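Let's walk through this model one piece at a time. Have the viewer open and follow along.

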Protein chains: 4
Amino acid sequence: MDNELKFKLLKQAFENQMPANKYLGLKILDLKEGFAKIHIPFKEEFIGDYLQKRWHGGIQASIADSAGGIVALTSMQSFNDKVNTIDIRVDYLHGSEPKDLFAEAEIIKDGKRIIKVDVKLYHSKEKIIAVARCAYSILRT
Amino acid sequence: MDNELKFKLLKQAFENQMPANKYLGLKILDLKEGFAKIHIPFKEEFIGDYLQKRWHGGIQASIADSAGGIVALTSMQSFNDKVNTIDIRVDYLHGSEPKDLFAEAEIIKDGKRIIKVDVKLYHSKEKIIAVARCAYSILRT
Amino acid sequence: MDNELKFKLLKQAFENQMPANKYLGLKILDLKEGFAKIHIPFKEEFIGDYLQKRWHGGIQASIADSAGGIVALTSMQSFNDKVNTIDIRVDYLHGSEPKDLFAEAEIIKDGKRIIKVDVKLYHSKEKIIAVARCAYSILRT
Amino acid sequence: MDNELKFKLLKQAFENQMPANKYLGLKILDLKEGFAKIHIPFKEEFIGDYLQKRWHGGIQASIADSAGGIVALTSMQSFNDKVNTIDIRVDYLHGSEPKDLFAEAEIIKDGKRIIKVDVKLYHSKEKIIAVARCAYSILRT
């Protein structure tokens, strides 16, 4: 499998073909084996708490799931491999602000049948807003 | 605290004042002490997997967080109480379809400082698509 | 596969051949397709909080994992199937007391490759002390 | 509050006064503000899978909960503060071996009311066997 092609196609599918990602406006800044960095421009519609103007916790979970999913796909060795989300846990660490978010996702287990990913969300890297731990099943063909 | 007023104001805030909920189009079908039922009309933008036309897992997590949050708020005894999400775990049980979803959220622990909520997502009640377990902190005033 | 034999062998392996289960003193009260009920006699060594004489949260997690694992194994269709724990989440709902615990474990998803189990721990069924949600991978042979 | 005294008393309580920790044989190698390292000598009774001679997943969860709990307690500012486990998630990454385990626990959120801890379990630091994420409530007095 051509790795350069794989990352190019994954980026294209992620940003242009997955409706929810387009809706959320997710942009890939970096994508390589086992790692992804995503940029999510702020939109007013992402606010959950209108008094404190914080990002909705569920929108944060959406971003984490998307970031985790794309990095899980970098483990594919064929375009016929099938990846499904088993579960995701999101922990909220600090209040967010009404400005752009970034997500970094990293594979922490790359097994024959199970992939696990850790995700961090932040405005600036010194202060992590939320962390997620995601489990995916992969059917390798 | 006037309970009828509480539920009326919570419903109004949930549907009209929380930008992310409006964005997602969440509608409350039922809201009472410790229980909520939500209706989420299908939109094309909610699709995560464009080949299989399934709801994005993260959008499902968003719905779960919103449903869990509103039911946690039914535990308030004053409008000055403050509720924050501690963490959420979502388990995906079955593939979803491109049609409306429903969410039922129920408090399973209503503590002095911690509230826990179980959420079920489904198209029809016989087949649960995803379940979530959410932890909230409440500062009672 | 002979189901009666399967449950008999699983019970025997659970109580007599798995060292940690013997150590914890777990006894199967009921075991059938997708469901198990376990009895755990109280021991002083299980106390975590010596002031309040409560069961150690980790010992509760151990019991949940054992109960979840044995019920996952009821999904086997061959003794060559291989089951591994992917992850487990335990939520503590109420303080426990220095007396026997019971665990009920139920399969909530019985997939080709993934099994999920919900577990409840209680002294008496009206008051659930802790709940767990467990994910297992199964390699069906 | 005298920090040196705090760590000394916490170590003593952890190793000698908490029955479950004694039962499991947990020893503190290092304990400071927001960090703990624990040593768990292998015992035959800790084996869950008697064919592959692996540590029981639940025993690993017990260790994670104990390690997470003691590091959460380092956040106390008074001996009257009260810490309770809200929930714990354990992810199993690699098969363990029948030899000693080590646990490192680190506070990732040290809030007014909520503390979160990440735990790693390993035989040797290059290969993490399991990771845990724990949430605690603290009532500061």
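Start with H3 of chain D, which is mostly covered: 17 of its 17 residues are buried, where buried means 20 or more other C-beta atoms within 10 Å of a residue's own, with C-beta atoms placed from the backbone. Keep in mind that this is a predicted model, where local features need pLDDT of at least 70 and side-chain atom pairs count only at pLDDT 80 or more, while totals for chains, interfaces and linings use all residues. Residues are numbered from 1 along each chain as its sequence is written, and chains are lettered from A in the order in which they are written.

H3(D) covers residues 57-73; helices here are DSSP runs of H or I with at least four residues, strands are runs of E with at least two, and both are numbered from the N terminus. At 1.5 Å times one less than the number of residues, this helix should span 24 Å, and its end C-alpha atoms do lie 24 Å apart.

Now bring in H3 of chain C, also residues 57-73: its axis comes within 7 Å of that of H3(D), and the two cross at roughly 160°. Axes are lines fitted to C-alpha atoms over the stretch in contact, with angles from 0 to 180 degrees between N-to-C directions. The pair is therefore roughly antiparallel, the term for angles over 145 degrees. Residues making the contact include C:Ile59 and C:Ser62 of H3(C) and D:Ile59 and D:Ser62 of H3(D), contact being C-beta atoms within 7 Å.

Elsewhere, seven residues of chain B are in contact with seven of chain D. On the chain B side, strands S5 (82-92) and S8 (128-139) each supply at least two residues, and S5(B) gives the largest share, three residues.

Conventions. Buried ≥ 20, exposed ≤ 12 C-beta atoms within 10 Å, placed from the backbone. Contact = placed C-beta atoms within 7 Å. Parallel < 35°, antiparallel > 145°, perpendicular 65-115°, else oblique.
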